[in-house]
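Have the sequence and the model open as you read along.

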Amino acid sequence: MAASLPQKAGGMAGMPSQQQPHPAPGAASTAGQQPPQGALREISPVFLCRIGQETVQDIVTRTMEIFQITRATQLPNGVTQSQAMYQDRFGKLQEHLRQLALLFRKLRLLYERCVEMTSDLQEESSELLPYVGEELVTVKVEPCSSAVNQERREVLEKVRQKNQEMKVLMDQMRNLLWDVNAMLTHRK
């Protein structure tokens, strides 16, 4: 079941990029991508964010694979399954969970490195709040033209008519379902 998911080139099969929790400066952790030539000594925050985005995609893919494995696992209902099948699924789950832990560790390191690199760019939280210490200025709205008001009334009337039609259809469907259910219960 896990094979039905599309895998990224150079990524999911061997998982080389997830084995290293922190990318080394000057070396790209994703296949086929290199940092700009001027940034060989220092990787830019944009490049780190791109790596982080790919890491999040890998985390989502791994999580989906875990859910597919658990969905395919049959609950014990008195039927004995082969021990080899159980061990195989258990091994796959353990490997996926180990890889998820590595991916989360890598994502945390990327986040911390980005915060460290952009600490001088971050604003105070009070600067982000609108209208701190200021009164809200009311904006005067000019009245609409009569043509716009007429069009608005027509649209509202059409919406009311459609809502009424939908209500009638829902009542009819409810009655039909009631009748079908009543006939099915009498049939037994």
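## Charged pairs along a helix

Arg113 and Glu116 sit 3 residues apart in helix 3, so about one helical turn separates them. Their side chains meet in a salt bridge, with 2.8 Å from N to O. A salt bridge here means a side-chain nitrogen of Lys or Arg within 4 Å of a carboxyl oxygen of Asp or Glu. In general, side chains of opposite charge can pair when their charged atoms come close.

A word on the model itself: it is predicted, so local features need pLDDT of at least 70 and side-chain atom pairs count only at pLDDT 80 or more, while totals for chains, interfaces and linings use all residues. Residues are numbered from 1 along each chain as its sequence is written, and side-chain values use heavy atoms, with hydrogens and water left out.

How many salt bridges does the structure hold? There are 6, and the table lists some of them, including the pair above.

| Pair | N to O distance |
|---|---|
| Asp88 and Lys92 | 3.8 Å |
| Arg108 and Glu112 | 3.9 Å |
| Arg113 and Glu116 | 2.8 Å |

Asp88 and Lys92 lie 4 residues apart in helix 3 (residues 83-117), which places about one helical turn between them. Arg108 and Glu112 are likewise 4 residues apart in helix 3, again about one helical turn. Helices are DSSP runs (H or I, at least four residues), numbered from the N terminus.

Now for the solvent side of these pairs. Buried means under 20% relative accessible area, exposed means over 50%, and partly exposed is in between (1.4 Å probe, protein chains only). Asp88 is partly exposed at 44%, and Lys92 is partly exposed at 42%. Arg108, at 46%, is partly exposed, and Glu112 is partly exposed at 40%. In the remaining pair of the table, Arg113 is partly exposed at 24%, whereas Glu116 counts as exposed at 54%.

## A nonpolar patch

Which residues make the nonpolar surface patch? Met173, Leu176, Val180 and Leu184 do, over about 350 Å². Patches are built from residues with over 30% relative accessible area and no salt bridge, joining like charges within 9 Å and nonpolar side chains (Val, Leu, Ile, Met, Phe, Trp, Tyr) within 5 Å. The accessible areas come from the Shrake-Rupley method with a 1.4 Å probe; for residues, only the protein chains shown count as cover.

Val180 belongs to helix 5 (residues 146-187). With 36% relative accessibility, Val180 counts as partly exposed.

How values were computed
Helices (H or I, at least four residues) and strands (E, at least two) are DSSP runs, numbered from the N terminus.
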